[in-house]
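This briefing is meant for a reader meeting the structure for the first time. Please look over the sequence and the structure before turning to the notes that follow.

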Amino acid sequence: MSVLYALFVCLPALTYAQTLNLKPYNETATVAFTISDLNHDGVFDRNELDTIFKHLDSNGDGRIDFHEYGIYLSSGNHDAHTSHVLHALFQAYDVNKDHHVDHVDYDLFFSLSDSNGDNLVEKNEFVHYVAIVFETADSA
């Protein structure tokens, strides 16, 4: 479960764009999906999204900040590639780019990645959306 807690990190977009190698984007997005699909059923649903949020929002204020994320990141052993993916995932979830992840960001991320609007994000939808986010971040 510690990988799940490490789903987010707050780094300025310029820093991670210069230091991360997210290529090939679809493979990196697939790793992100594997991390996010808590029950490994091939679908990322709202319950999984909310579960991750609750674990990371340690002070219960409805926002995940760098300090909260840092607590969980330091408790896990992650290889370099997984750490890079986790850094980029925070940026993907921080849709409004205010350096905090809150319920507004979660709602936006979920709706943007749910391309068919069925309230379930299938692997192909997630990978497609997140690969675009990673490519955009990588070229910034």
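**Briefing on the predicted model**

Helix H4 (residues 46–56) and helix H7 (residues 103–113) pack at an angle of about 150 degrees, with axes 11 Å apart; axes are lines fitted to C-alpha atoms, for helices over the stretch in contact, and angles run from 0 to 180 degrees between N-to-C directions. Helices (H or I, at least four residues) and strands (E, at least two) are DSSP runs, numbered from the N terminus. This is a predicted model, in which local features need pLDDT of at least 70 and side-chain atom pairs count only at pLDDT 80 or more, while totals for chains, interfaces and linings use all residues. Residues are numbered from 1 along each chain as its sequence is written, and side-chain values use heavy atoms, with hydrogens and water left out.

**Helix H4 against helix H7**

- H4 and H7 are therefore roughly antiparallel to each other, given that angles under 35 degrees count as roughly parallel, over 145 as roughly antiparallel, 65 to 115 as roughly perpendicular and the rest as oblique.
- The crossing in which H4 passes H7 is right-handed, a crossing being left-handed if the near helix is turned anticlockwise from the far one by less than a right angle, and right-handed if clockwise.
- On the H4 side the contact is made by Arg-46, Leu-49, Ile-52 and Phe-53, and on the H7 side by His-103, Tyr-106, Asp-107 and Phe-110, where contact means heavy atoms within 4.5 Å.
- The residues of this contact of H4 with H7 divide into 5 nonpolar, 1 polar and 2 charged; Ala, Val, Leu, Ile, Met, Phe, Trp, Tyr, Cys and Pro count as nonpolar, Asp, Glu, Lys and Arg as charged, and the others, Gly among them, as polar.

**Helix H3 against helix H8**

- The axes of H3 and H8 come within 8 Å and cross at roughly 125 degrees, and the two helices are therefore oblique to each other.
- The crossing of H3 and H8 is right-handed, and its contact includes Tyr-25, Ala-29 and Phe-33 of H3 together with Phe-126, Val-130 and Phe-134 of H8.
- By class, the contact of H3 with H8 has 9 nonpolar, 4 polar and 3 charged residues.

**The nonpolar core**

- The largest nonpolar core has 28 residues, and those with the most contacts inside it are Phe-44, Tyr-93, Tyr-106, Phe-109, Phe-126 and Phe-134; a nonpolar core is a set of buried Ala, Val, Leu, Ile, Met, Phe, Trp, Tyr and Cys residues joined through side-chain atoms within 4.5 Å.
- Helix H3 (25–36), H4, helix H6 (80–93), H7 and helix H8 (123–138) each supply at least two residues of this core, and H8 gives the most, with 7 residues.
- Leaving aside neighbours within four places in sequence, Phe-109 is in contact with residues including Phe-44, Tyr-93 and Phe-126.

**Loop residues with positive phi**

- Lys-97, in the loop between H6 and strand E3 (101–102), has a positive phi of about 55 degrees although it is not a glycine.
- Lys-97 is partly exposed, with a relative accessible area of 43%; buried means under 20% relative accessible area, exposed over 50% and partly exposed in between (1.4 Å probe, protein chains only).
- Asn-119, in the loop between H7 and strand E4 (120–122), is exposed, with a relative accessible area of 56%, and its phi is near 65 degrees, a positive value in a residue other than glycine.

**The chain as a whole**

- The chain has 8 helices and 4 strands, and 48% of its 140 residues count as buried.
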